[in-house]
Amino acid sequence: MSDYNFAYLDEQTKRMIRRAILKGLAIPGYQVPFASREMPMPYGWGTGGVQVSAAVMTPQDRFKVIDQGADDTTNAVSIRTFFERTAGVATTTKTSEASVIQTRHRIPEEPLSEGQILVYQVPIPEPLRFLEPRESETRKMHSLAEYGLMHVKLYEDISRHGHIATSYDYPVKVEGRYVMDPSPIPKFDNPKLGDMAAIQLFGAGREQRIYALPPYTQVVSLDFEDHPFEASKPDHPCAMCGAENSYLDEVITDDAGRRMFVCSDTDFCEARQVAGHTGTMNGKDAA
Amino acid sequence: MTPLLSVQGITKFYGQHIGCKDVGFDLYPGEVMGIVGESGSGKSTLLNCMAGHLTSDAGAVVFDTRTDGPRDTVTMSEPERRMLSRTDWAFVHQHARDGLRMGVSAGGNVGERLMAVGERHYGDIRAKATDWLGRVEIDATRVDDRPTTFSGGMQQRLQIARNLVTGPRLVFMDEPTGGLDVSVQARLLDLLRGLVRDMGLSAIIVTHDLAVVRLLADRLMVMKDGHVVEAGLTDQVLDDPQHAYSQLLVSSVLQV
Ligand SMILES: Nc1ncnc2c1ncn2[C@@H]1O[C@H](COP(=O)(O)OP(=O)(O)OP(=O)(O)O)[C@@H](O)[C@H]1O
Ligand SMILES: [Mg+2]
């Protein structure tokens, strides 16, 4: 363990990343370039998020990792273990107890509070990339706030599917200025981005970009007047805890292809069950 | 009357090599100016300098803006110039793929400029796009198809619809009929002529095809080696060319 500097990265690198983070916080939604470092894990495993977490982490922090809502996937476990080893920080699966939460694909159901930091792993930070592959041109579009193209993407969605079918990576406008990719969280989570008490930091390792939302930032999901944004989710309660307003995963329960819907946020679901809430598939309910 | 566009002393060098030199003219509302000349004579260079795609080394391109009257577009800020180029200006490229988004449906291609200027009602945008497809003789049932499934002539007509949907006042065109079959060219020319008349458009059309200018242009400039060697009313220049080079150009066509 002592072979590494605290949280693996050397202090110079952490300072460079912190400067990018501070710049990002000062210009909400703006993509700040940074010199991404080789990490002892492949791209696509959250190297951007890991570098941001390493740069903000202090020995007193309590760290949580969420992968698609769960704390126990291989990816989540390996990142948590990485910081246990290299920083010796305490870890937790409880959202409310964590001071730094690194996430892939979800925002916790439980509202975050001031003092907490939510770090997102971002694969593709550029929301305009889909229609405009030229980096020089997308930069110009951001600097001049020329965002018509973003609506072309939504237009295409409606013309093809009859409604806005984009359900992840749903583009948002930050403080009426920068259009931002919120990372592949379900659009159900988009409303939580805005006015959040916690600091939100976004790290893209391969693409070498950091961006940020300071607490209580205005974040608006793009839409059309006649096709307003909807934070949709499967229209079921959770089969385990009965929650009506949480994001659900569809789980196949047996060889016959039976399915049930359960909270994707495992910590939220377990806490509700401990508190006595039950759903239709929960053993207690059936008994 | 104030010219819609006043071009003054436009000069562009590529290193030591002349792109175009000291070109000037006035274009009045509703006028169509043709620019002809052999390959390499500087037509595209001049057009791109006027449209702001290239930075000229000297000269002014003064456009009579709706809000502030005549403004030099060379020295105005980039955001202003880009705003102009998606509202009052239009640019039709020779190759439709340079002016279209090939991965976006026909409706999305036409709707882009509307969305760029802030339209946010899907139904309205789609209705306007469909209307414009009709105006360029593309069947409304193709509104959700990508341009990759269109013929060359259809792609070019789509590019025109995409450019005209915001009701621009000035259209730059670089060889709009180049690379198309002769019969397709004729149909496109007819369509362009109708649109220019109906919308009262002003246009600058670069071509090496004298039939195009004969049909569309009120006035003509003949370029050679980056210079304008002759300018005047289209019929005058074509029927009674004064400069030796223009005479050669006209006679070489007549011989075909
Ligand atoms: N990017 C460039 N770099 C260097 N020289 C260039 C460049 N573009 C054009 N030129 C030169 O400038 C001159 C004018 O070129 P331009 O493309 O404007 O001619 P044109 O009249 O449009 O020709 P064409 O009919 O073939 O399209 C030519 O000699 C050309 O070789
Ligand atoms: Mg040319």
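**Helix α1 of chain B**

I began with helix α1 (residues 43–51) of chain B: eight of its nine residues are buried, so the helix is largely enclosed by the rest of the structure. For burial I used under 20% relative accessible area as buried, over 50% as exposed and anything in between as partly exposed, with a 1.4 Å probe and protein chains only. Helices here are DSSP runs of H or I with at least four residues, strands are E runs of at least two, and both are numbered from the N terminus. The buried residues of α1(B) are B:Lys43, B:Thr45, B:Leu46, B:Leu47, B:Asn48, B:Cys49, B:Met50 and B:Ala51. Just after α1(B), I found B:Gly52 with a positive phi of about 85°.

**Ground rules**

This is a predicted model, where local features need pLDDT of at least 70 and side-chain atom pairs count only at pLDDT 80 or more, while totals for chains, interfaces and linings use all residues. Residues are numbered from 1 along each chain as its sequence is written, chains are lettered from A and ligands numbered from 1 in the order in which they are written, and side-chain values use heavy atoms, with hydrogens and water left out.

**The two chains overall**

I logged eight helices and 12 strands for chain A. Its radius of gyration is 19 Å, close to the 19 Å that the globule rule gives for 287 residues, so chain A is as compact as a globular protein of that length. That radius is taken over C-alpha atoms, and the rule is 2.2 Å times the number of residues to the power 0.38. The C-alpha trace of chain A spans about 60 × 55 × 35 Å along its principal axes, and 54% of the 287 residues count as buried.

For chain B I logged 10 helices and 10 strands. The radius of gyration of chain B is 18 Å, close to the 18 Å from the globule rule for 256 residues, so chain B is as compact as a globular protein of that length. Its C-alpha atoms fill a box of roughly 55 × 45 × 35 Å along the principal axes, and 53% of the 256 residues count as buried.

Next came contacts, meaning heavy atoms within 4.5 Å. In chain A, 61% of the contacts between residues at least 6 apart in sequence join residues at least 24 apart. In chain B, residues 24 or more positions apart account for 66% of the contacts with a separation of 6 or more.

**Two helix pairs**

At what angle do α2 (residues 47–56) and α3 (residues 74–87) of chain A pack? I got about 30°, with the axes 12 Å apart. That makes α2(A) roughly parallel to α3(A). The axes are lines fitted to C-alpha atoms, for helices over the stretch in contact, and angles run from 0 to 180 degrees between N-to-C directions. Under 35 degrees counts as roughly parallel, over 145 as roughly antiparallel, 65 to 115 as roughly perpendicular and the rest as oblique. A:Val50, A:Ser53 and A:Ala54 in α2(A) meet A:Ile79, A:Phe82 and A:Phe83 in α3(A).

In chain B, the axes of α4 (residues 106–116) and α5 (residues 122–135) come within 9 Å and cross at roughly 120°. That makes α4(B) oblique to α5(B). I noted B:Ala106, B:Gly107, B:Val110, B:Gly111, B:Leu114 and B:Met115 on the α4(B) side, against B:Ile125, B:Lys128, B:Ala129, B:Trp132 and B:Leu133 of α5(B).

Is A:Arg106 buried or exposed? At 3% relative accessibility, A:Arg106 counts as buried. I found A:Arg106 in the loop between β4 (100–104) and β5 (117–121) of chain A. Leaving aside neighbours within four places in sequence, its contacts include A:Gln68, A:Asp189, A:Tyr247 and A:Asp265.

A:Lys187 sits in the loop between β7 (178–180) and α6 of chain A, and at 8% relative accessibility A:Lys187 counts as buried too. With neighbours within four places left out, A:Lys187 is in contact with residues including A:Tyr170, A:Phe229 and A:Glu230.

**Positive phi outside glycine**

A:Asp195 has phi near 60°, a positive value in a residue other than glycine. A:Asp195 lies in the loop between α6 (190–193) and β8 (199–204) of chain A and is exposed, with a relative accessible area of 55%. B:Glu137 has a positive phi of about 65°, although it is not a glycine. I placed B:Glu137 in the loop between α5 and α6 (152–164) of chain B; B:Glu137 is partly exposed at 41% relative accessible area.
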